[in-house]
Amino acid sequence: MRTSCFGIVAIVLVITVAAGCGSSLNSAKLQQSVDADWKGYKVQHGMPAGGVTVYVTTPKGNYFATSGMPSGNSPNTHFRIASNTKSFTSAAIMLLSQQAKLRIDDTIITDIPGTATPYVPDGAQYEIPHKSDITIRQLMSHTAGVFDVTNTDIPTDCAAPYAGKNYITYIEQDQGDPNHQFSPGEMVGVVATCHAMYFVPGADYKYSNTGYSILAIIIERVSGMPYDRFISQSLIVPNGLAATAVPMLASDQSLPSPYAEAFVYSSGTLTDVTLSNLSANIAEGNIISTPSYLARWLRQLIRGETGVDSASVAEMKTATPQSGTANYGLGIGYIPGLGYGHAGAHAGYLSLMEYDPATDVTIVLYFNVWDLANLVTDQMTLLTTIAKDAKKAVGY
């Protein structure tokens with residue numbers, strides 16, 4: 001089952017992060033709010049299992065609530081953060097920009113500063129439509145028009161055996177290779193083979209995981225190290241994000257302990273999808289973390305405290321005109337009433353992280369189940385509802 005959208009160098013340090021010392025009254029209100037929202041949804045849609053976790057940090061204290069999760073679930077429980085990974089990837093690009101190692105308004109065929117090496121390799125594998133016109137900024141903002149191999153079925157007119165199918169499902173299921181070692185270059189190669197595109201660069205906005213696969217290639221070529229190592233050395237370790245992992249290998253399919261198991265509910269059947277090959281999601285959805293560390297990451301990022309300076313963060317926060325109501329900038333989106341952040345979805349995990357600079361409130365929440373029939377129409381909307389209700393419950 002290919003159930004990834006928007007989706008190990010493990011820092012295995014056992015650091016307990018307490019939920020904080022928020023008032024007991026607000027803690028009770030938060031729990032009541034989370035219970036009401038999730039239990040109401042479960043009754044409405046006949047959900048037999050699964051739960052939600054909510055972690056809130058405020059100037060007055062931190063709060064944690066969970067509903068439907070196994071006992072022991074806490075702010076230190078690992079889950080797949082999926083497309084929240086894009087905030088790390090974009091931060092890495094901005095960090096390299098600050099170091100004058102790349103320029104985000106360069107096209108991807110431009111030579112890396114001080115070298116005779118282009119950002120993206122030459123050769124047929126990388127000859128995607130309008131390659132010479134695509135900029136790094138456009139990849140970050142989903143305005144490059146790059147066809148998304150992860151989320152869109154391959155065009156039926158593609159001269160390949162996977163035409164009309166999801167490429168990853170074709171490899172893992174049709175070809176019987178669930179442990180296939182994917183790579184960012186392979187994802188880009190599918191786009192090149194099929195000459196697929198959404199629109200000419202800069203003309204519109206269309207979410208593209210494969211655009212972020214290209215950013216992984218650029219990070220590796222500019223930094224001279226694998227994506228996971230650069231993210232670890234430049235962002236995870238310096239910011240104390242101990243319980244955060246960056247799986248890259250097809251064989252690395254489990255989560256560090258403790259972790260929340262993940263499920264997909266479809267047509268009356270609940271399927272455990274906890275184990276997952278994330279090698280197809282590098283840089284766009286492969287990171288694993290915990291609510292406490294993800295909250296720390298987002299707050300520090302938006303405040304300009306991660307090594308990515310305030311000027312770079314301001315660029316990341318600025319929504320492109322093409323994104324319209326999506327309010328999407330460079331790896332960061334904006335939701336009125338909640339602030340800046342991202343959402344993520346990968347095989348049973350559905351998550352949201354938001355930081356509001358005006359109130360200094362951070363909210364991280366995730367489901368450990370997909371209600372497949374209502375995922376896009378109802379469950380994704382519920383993410384925002386729960387977040388806004390949680391913020392009110394703790395007094396903001």
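**Strands, a helix crossing and a buried tyrosine**

Within strand S11, Tyr340 is the bridge partner of Tyr334. The model is a predicted one, in which local features need pLDDT of at least 70 and side-chain atom pairs count only at pLDDT 80 or more, while totals for chains, interfaces and linings use all residues. Residues are numbered from 1 along each chain as its sequence is written, and side-chain values use heavy atoms, with hydrogens and water left out.

Strand S10, residues 333–335, pairs with S11 in the antiparallel sense over 3 bridges, where pairing requires at least two DSSP bridges between two strands and the elements themselves are DSSP runs numbered from the N terminus (helices, H or I, at least four residues; strands, E, at least two). These two strands make a hairpin with 3 residues between them, in which Gly337 takes a positive phi near 90 degrees. S11, which spans residues 339–346, is also joined by 7 bridges to strand S12, residues 349–356, and these two run antiparallel. Ala343 has Leu352 of S12 as its bridge partner, and the hairpin of S11 and S12 has 2 residues between the strands, with Ala347 in the turn at a positive phi of about 35 degrees. S11 is mostly covered, since 7 of its 8 residues are buried (buried is under 20% relative accessible area, exposed over 50%, partly exposed in between, with a 1.4 Å probe and protein chains only).

Asn327 counts as partly exposed because its relative accessibility is 22%.

A further set of 3 strands forms an open sheet of mixed pairing, in the order S8-S7-S14. Strand S8 (269–272) and strand S14 (369–371) are its edge strands, each pairing on one side only. Strand S7, residues 263–266, runs parallel to S14 and is joined to S14 by 3 bridges, and in S14 the bridge partner of Val264 is Trp370. The loop between S7 and S8 contains Ser267, which has a positive phi of about 50 degrees although it is not a glycine; at a relative accessible area of 77%, Ser267 is therefore exposed. In the loop between strand S6 (245–246) and S7 lies Pro258, which a cis peptide bond with omega of about -5 degrees joins to Ser257.

Strand S13, residues 361–367, carries Tyr366, whose relative accessible area is 0%, so that this residue is buried. The C-alpha atoms of Tyr366 and Thr66 are separated by 9.7 Å, although the two residues are 300 residues apart along the chain. The side chain of Tyr366 also makes a polar contact at 3.2 Å with the side chain of Asn73; such a contact is a pair of N or O atoms within 3.5 Å, one able to donate a hydrogen and the other to accept it within protein, residues adjacent in sequence counting only if both are side-chain atoms.

Among the helices, the axes of H2 (residues 85–98) and H7 (residues 227–236) come within 10 Å and cross at roughly 80 degrees, the axes being lines fitted to C-alpha atoms over the stretch in contact and the angles running from 0 to 180 degrees between N-to-C directions. The residues that make this contact include Phe88, Ala92 and Leu95 of H2, and Phe230, Ile231 and Leu235 of H7.

Notes:
Contact means heavy atoms within 4.5 Å.
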